[in-house]
Amino acid sequence: VKPPKPNVNDLLPMSAVEFAVLLVLADGDSHGYAIVKEIEARSDGQIRLLPGNLYAILQRLTDSRLIARTATAAGATGADKRRRNYRITPFGREVGAAEATRMKRMVEAAAASDLIEDATR
Amino acid sequence: MSRRREENGPPPLVWRRLYALLLRLYPEPVRRDAGPEMQQLFADLYADARTRGGRLRAAAFAFRACAEVIPRIIEARRTIDSRGGSHRTIDSRRGNDSGWPANALSSAIHSTDSHRRSRMAAPAHDASSRTPLPRAHPEEGRATGMLDRLFHELRYALRTFRLNPGYFAVTVLTLAVGIGANTAIFSVVKGVLLDTLPYQDPDRVVGIWQYTLSSGQRARMTPGNFADVRAMSDVFESAAAFGFTSATLIGADSPELIRGGRVSASYFDVLGVQPLVGRPFRADEEDPGGARVTIIGEELWARRFASDPGIVGTTLNLDGTPFEVVGVLPRGIYPTYATVNGETPFTPDNHDFLVPLRLADDSSSNRRSHVLGAIAKLAAGVGIERANEAVGALAASLAEQHPEVAGEGFRVDLLKDEITGGAQAALLVLMGTVAVVLLIAATNVASLMLARSDARRSEIAVRAALGAGRWALIRQSLVEALALAGTGAAAGVALAYFGVDRIKALVPFQIPRMNEVGIDVPVLGFTVAVALAVGAALGVAPPIAATRPGMLDRLRQGARGLTADGKRRRAQGFMVAAQACMAVMLVIGAGLLVRTFLQITRIDPGFSRAGVLAVPVSLPQTRYAGAGDALAFFQRLEETLTASPAIASVAFGYDHPLGKSWGDSFRIEGRPEPPPEASMGASFRPVTPGYFETAGILLIKGRIFESTDGAAHPDVVVINEAFATQYFAGEEPIGQRMRIPSMERMFGDGTTPRWFEIVGIVGNVRFNGPTEAVEPAMYVSIPQVPMSDVVMLVAPARPGVDLPGAVRSAVWRLDPELPVDNVRTLDVMLAEAVARERFNMLLVGFFATIALGLAGLGIYGLIARLVHMQTKEIGIRVALGARRAQILGLVLGGALVPVVIGGGLGIAGAAGLSRLLAGLLYGVAALDPTTFLLTPLLLVATALLASYLPARRATRIDPVTALRND
C-alpha cells in the first residue's frame with residue numbers, strides 16, 4: 001500500500017537545520033560526515049551537528065521523500081561502506097524551493113516593515 | 001609516521017564501546033538501519049575533533065555525542081512504544097514510520113496525519129499483507145514491555161532532575177568523585193596486582209636467587225651454580241639465565257645508547273613467550289663463536305623502525321659490530337635484567353633489545369661472580385616447597401665441595417609474587433582509602449535524597465493515593481538512584497581517565513608495571529558494578545523505610561507527624577557522625593604519611609646536589625680498547641667542558657652518588673683471613689679526583705685523591721665514615737693497607753697482592769636512597785683502576801644553565817658516535833628515590849582532603865536542615881528574649897554533637913588501623929601523638945566552617961516572619 005505523495009505545503013515551514021541539510025544535498029550527493037563538516041563551514045562553525053541529531057534529521061527527510069539513500073558503490077568496504085550517501089529527490093528540490101520562496105516573502109515583508117534594508121531593491 | 005596514525009586513528013576503545021552500547025539501546029529496526037552508519041560518523045567526528053583540538057577536545061566531543069544520543073533513544077523508544085500499543089491512542093504528531101524522534105519544531109515536515117496513521121497502522125491491521133509481525137516471540141514482547149516501563153521510569157526521573165538541576169549536579173558530582181577515585185585506583189591495582197604476567201604458565205615460572213645465610217642479603221647467581229641448577233631437570237623443566245647489557249645503536253638518527261638483556265636461548269621456553277615476528281634464539285647462538293643475532297623490543301621497533309615486519313633479517317650496528325635481527329620481543333615481558341641486590345625490576349626500561357647470553361667455557365667453575373639472574377619453569381607436578389628443598393640440598397653439597405663459598409643458600413620464588421613486592425601494601429591502603437571516600441560520598445547523597453524525599457512527600461502521597469503500590473514507589477526510587485549513580489559513574493570514568501595519567505606521572509618507575517596501567521574493559525566492569533551497588537543501596541533503602549506498611553497509609557492521608565521529623569534528624573545525625581568518623585580516620589592516615597615524607601626529606605643524603613648533572617658515558621670496547629684510551633678521552637672531555645664558563649667542575653665515577661655501584665670484598669693488612677661466611681665487604685666505587693668536590697661529598701679526615709694518584713704511583717683508597725666505624729673501631733684507619741681480591745683478578749694475574757693505602761675518610765652517602773641504611777664504602781682512583789663505563793658528573797657554575805645541551809655538543813665534538821641520553825640531575829634522582837613516599841602522601845592526602853570536604857558538605861547539609869526545621873522554635877525563643885549566643889549554641893550543639901562523637905570513634909578506629917600503615921611509615925610512630933592530636937582539630941575547624949552560614953542564618957530569624965509563616 002503506497003501512501004499518496006504528500007503535499008508540499010504540509011511540509012512548510014522547515015526547521016532551520018533540516019533546511020540546511022537539504023541545501024547541502026542540493027549541491028550534490030554527500031554522506032553524514034561530509035554533511036556535518038559542510039554545515040559547520042557554511043555556518044562559520046556555529047552549527048555542529050552531533051551524530052544522533054543528524055541521523056534523526058536524515059531519517060525524517062527520507063521519510064518525507066525529500067531525500068533518498070543512494071546505492072553504495074559496489075566495491076566499497078569497511079568505513080566507506082558504512083558511510084552511506086544521500087541524494088536530494090526532485091520532490092526535495094520542490095519543497096526546498098517552496099521553503100526558500102516562503103523565506104524570501106518573509107524577508108520582503110520584513111523589509112516592507114523597515115525591519116531591514118531590502119537588499120533586492 | 002606513527003604519530004600521525006595515532007592522531008587520526010579510531011577513538012579509544014572505551015568511547016567506541018560506550019557509544020556502541022548506547023546505540024544498542026535504540027529500538028531494533030533503527031539500530032539495524034543506522035547503527036553502523038552512526039558509529040562510523042562518531043569515529044569520523046572524533047578523529048576530526050582530535051586533529052583540531054587534541055585529546056581533550058575529542059573527549060569533550062565524545063561525551064557530548066554520548067549524552068546527546070540518550071534523549072533520542074528515549075524518543076525513539078516512545079514512538080515504537082506507542083506504535084506497539086493501540087494505534088488510536090498515539091499522539092499523531094509524534095509518531096512516524098521509522099520509530100525516529102520528531103520534535104515539535106520539525107514535526108511540520110511530516111505528512112498529513114491521516115496518511116501517517118494509515119502507514120503506521122499497516123503492520124498491525126493488514127493481516128493479509130506479507131508484512132511480518134514486529135514481535136515474533138512472546139518472550140521478546142514481555143522483555144520489551146519491561147524495558148519500556150523502565151524507560152518510562154527513567155524519563156520520569158530525568159524530568160525530576162531537570163526540575164532540580166542544583167540537586168542533580170551536586171549528587172552527580174559527589175558520586176563522580178567517589179566512583180572516579182575508585183575507578184582510577186582500581187585500574188592501578190588491577191594493572192599492578194591482579195593482571196597475571198603474560199607467561200604461558202605463570203604458576204610455574206620461578207626466579208632463583210642466592211643469598212648470604214648470615215645476613216639474608218639476596219644476590220644474583222654465579223655461572224657455576226647456574227650450571228648446577230640447570231642440570232636439575234627433575235625439578236626444573238627448563239632454566240634460563242639473564243643479565244643486563246647495553247650497546248650503542250648507530251644508524252640514521254643520532255647514536256643512541258640502548259639497554260636490554262643477555263638471555264639464554266631457553267628464556268623463551270621458560271616464559272612460554274614467542275616473538276611478535278621472527279624467531280627466538282637458538283641454542284647454538286649461545287656458543288661464544290655463534291652468529292651475532294639480536295631480538296629487538298617492541299618499543300624500539302615502533303620508535304626507530306616504524307614497526308616494520310621487514311626488520312627481521314636486516315642488520316643493526318651495535319657498538320660498531322653488525323648484528324642480525326631475528327625477532328621482535330613483545331612489550332611487557334619481564335625480567336630482562338637483575339640488580340646487584342637480586343631484584344628484578346618490572347619496569348619498561350632495559351627492554352630495547354636482547355642478545356644471546358654467552359658464558360665462557362670455564363664458567364661452570366666460576367662460583368664467585370654473582371652476575372646472573374636466573375629463572376626456571378617448574379617441572380610438572382613440582383611445587384615451590386619441593387623446589388626449595390632441592391636447591392637447599394644443592395647448597396649443602398656445594399658447601400662441602402667448595403668450602404670457599406660456604407655460607408651461601410638458594411631460594412626459589414614464584415615470579416608473580418616478586419612483582420607485587422613493596423607496592424602491594426601502598427596500593428591496598430589506597431584502595432581502602434578510596435572505598436571510604438565513596439562511602440562518605442554515598443552517605444552525602446543518601447542524606448540529600450532523604451532531604452528531597454521530605455520535600456517530595458506530597459508528591460509521593462499523591463502517587464500513593466492514586467494507588468501506586470509500595471513496589472512501584474520503590475522501583476521509581478531505584479531507577480532514579482541508578483540514573484544518578486550511572487551519570488555519576490560516567491562522569492567518574494572521565495575523571496579517572498585523566499586522573500590515571502596524573503597518577504602514572506607521579507611514579508614512573510617505583511611501582512612495577514605501572515606503564516601498563518589503563519582504563520580498560522574489566523576496569524569499566526568494576527565501575528559499573530560499583531555504580532550498581534551504590535545505586536541499589538541509595539535507591540532501595542530510603543523508600544523501604546519511607547513506605548513501611550503503616551507509613552504508606554499515613555502518606556495517603558497526608559499526615560505530617562513530628563515523630564517523622566525526629567527520626568529524620570536522628571538518621572541525619574547518624575550519617576554525619578559516620579562521615580566524621582571515616583574522614584578522621586583518613587585524615588589521620590594522611591597525616592602520618594605527610595609526616596613520613598617530611599622526615600625523609602629532612603634526611604641528609606650525604607652530598608649536595610644543586611643542579612649537578614649525571615651523564616652516563618659508555619665507551620665501546622671496539623674503539624677504546626686500552627685503559628689509556630678511555631682515560632685520555634675522559635681527560636679531554638673534562639678539559640673541553642671546564643673551558644666553558646657555565647661549568648664549575650667535571651668528574652667521573654663508576655656510578656653516581658645515588659647508584660649502587662657494586663659490592664666487593666677486601667682484606668685488611670695484618671689481620672687473619674676471616675672465614676668465608678664472615679668475609680668483609682663494602683660498596684666499591686672507582687672515581688676521579690674531582691668527584692668528591694663535584695658531588696659535594698665532605699672530607700672528614702686525611703685527603704681525597706689528587707692528580708698524582710695515577711697508575712705509576714702507589715695504590716690508594718678513600719673510605720667513608722661507616723667503613724671506619726665498622727672495620728676500624730677504636731683504630732686509626734689512615735695509613736693502613738688493604739687488598740681487594742677482585743682487582744687482582746681483573747687487572748693482574750689474580751695472585752700477586754696489590755695493596756691499597758687508606759689516605760682519607762669522607763662523609764657517608766646514602767647510596768640506596770634516604771630511607772636505606774648507610775653502608776660502608778671504599779673509593780678508589782679511576783687512573784689506578786681504569787673503567788670505560790662511567791657516569792660523568794657536571795656541576796654548573798651558576799643556576800639556570802642548559803647543561804645537557806652543552807654536554808651533548810662537547811661529547812659529540814670529541815666522538816660523534818657516542819650516545820648521550822638518560823641525562824638527569826642528582827636533584828631529580830633524589831626526588832625519584834623518595835617518589836614512593838611522595839606518591840603515598842600525595843594520593844592518600846588528596847583523597848583524605850576530598851573526604852574531609854565531603855564530610856564538611858554533609859555537616860553543612862545537616863545544620864542547614866536543622867535550622868530550617870527549627871525555624872519556628874527559634875522564632876519563639878527569639879520572641880521570648882533569647883540572645884544570639886544562645887541561638888548559636890542551640891544550632892551548633894545539634895551539629896557538633898554527632899561530629900564530636902563520630903570524630904572520637906574515628907580516632908579510636910585510626911589507632912586500631914594505623915598498624916596497617918606501619919610498613920609505609922618512616923621515622924614516625926603509627927600512634928604519632930602530633931598527628932592524632934592535630935587532625936581532630938582539622939575536623940572541628942571544618943565543622944565550624946560548614947556550620948557558619950546556616951548558623952548565621954538562624955541568628956537572623958525574625959520571630960514575626962517565622963511564626964506567621966504557617
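So, is B:Asp33 buried, partly exposed or exposed? B:Asp33 counts as partly exposed, because its relative accessibility is 26%, and the cut-offs put buried under 20% and exposed over 50%. Before I go on, remember that we're looking at a predicted model.

Okay, what does B:Asp33 pair with? B:Asp33 makes a salt bridge to A:Arg69, and their closest N and O atoms sit 2.9 Å apart. B:Asp33 is in helix H3 of chain B, residues 28–84, while A:Arg69 is in strand E2 of chain A, residues 67–69, so this pair joins two chains. A:Arg69 is partly exposed as well, at 31% relative accessibility.

There's also a network of salt bridges that takes in residues of chain A and chain B: A:Lys37, A:Glu40, A:Arg48, B:Asp48 and B:Arg52. Across all chains, the salt bridges come to 40.

One is B:Arg55 with B:Asp501, with 3.0 Å between the closest N and O atoms. B:Arg55 belongs to helix H3 and B:Asp501 to helix H14, so the bridge ties together parts of chain B that are 446 residues apart in sequence. Both ends are partly exposed: B:Arg55 has a relative accessible area of 33%, and B:Asp501 has 34%.

The other is B:Glu669 with B:Arg737, at 3.1 Å from N to O. Here B:Glu669 is in the loop between strands E13 and E14, B:Arg737 is in strand E17, and the two are 68 residues apart. B:Glu669 comes out partly exposed at 33%, and B:Arg737 likewise at 31%.

Now over to chain A. It has five helices and three strands, running α-β-α-α-β-α-β-α along the sequence. Chain A is 121 residues, and 42% of them count as buried. Among its contacts with a separation of 6 or more, 60% are between residues 24 or more positions apart. As for the surface, chain A exposes about 6700 Å², with carbon and sulfur atoms supplying 53%.

Have a look at helix H2 of chain A, residues 32–42. Which of its residues are buried? That would be A:Gly32, A:Ile35, A:Val36, A:Ile39 and A:Glu40. Looking down the axis of H2(A), those buried residues fall within an arc of 130 degrees, so they line one face of the helix. Just after H2(A), A:Asp44 has a positive phi of about 55 degrees.

Last topic, the cores. The largest nonpolar core has 77 residues, and B:Ile185, B:Leu430, B:Ile503 and B:Leu843 are among those with the most contacts inside it. Several chain B helices each give at least two residues to this core, including H6, H12, H14 and H24. The largest share, 15 residues, comes from H24(B). If you click on B:Leu843, you'll find B:Ile185, B:Leu430, B:Ile503 and B:Leu506 touching it, leaving out residues up to four places away in sequence. A second, separate core has 51 residues, including A:Val8, A:Ile67, B:Trp15 and B:Tyr19.

And for anyone wondering about cysteines: there are zero disulfides over all chains. B:Cys66 is buried, at 6% relative accessible area, and B:Cys581 is buried too, at 16%.

Note on methods
Residues are numbered from 1 along each chain as its sequence is written. Chains are lettered from A and ligands numbered from 1 in the order in which they are written. This is a predicted model: local features need pLDDT of at least 70, side-chain atom pairs count only at pLDDT 80 or more; totals for chains, interfaces and linings use all residues. Side-chain values use heavy atoms; hydrogens and water are left out. A disulfide is a pair of cysteine sulfur atoms within 2.5 Å. Buried means under 20% relative accessible area, exposed over 50%, partly exposed in between (1.4 Å probe, protein chains only). A nonpolar core is a set of buried Ala, Val, Leu, Ile, Met, Phe, Trp, Tyr and Cys residues joined through side-chain atoms within 4.5 Å. Helices (H or I, at least four residues) and strands (E, at least two) are DSSP runs, numbered from the N terminus. Contact means heavy atoms within 4.5 Å. The arc is that of the directions from the helix axis to the C-beta atoms. Accessible areas come from the Shrake-Rupley method with a 1.4 Å probe; for residues, only the protein chains shown count as cover. A salt bridge is a side-chain nitrogen of Lys or Arg within 4 Å of a carboxyl oxygen of Asp or Glu.
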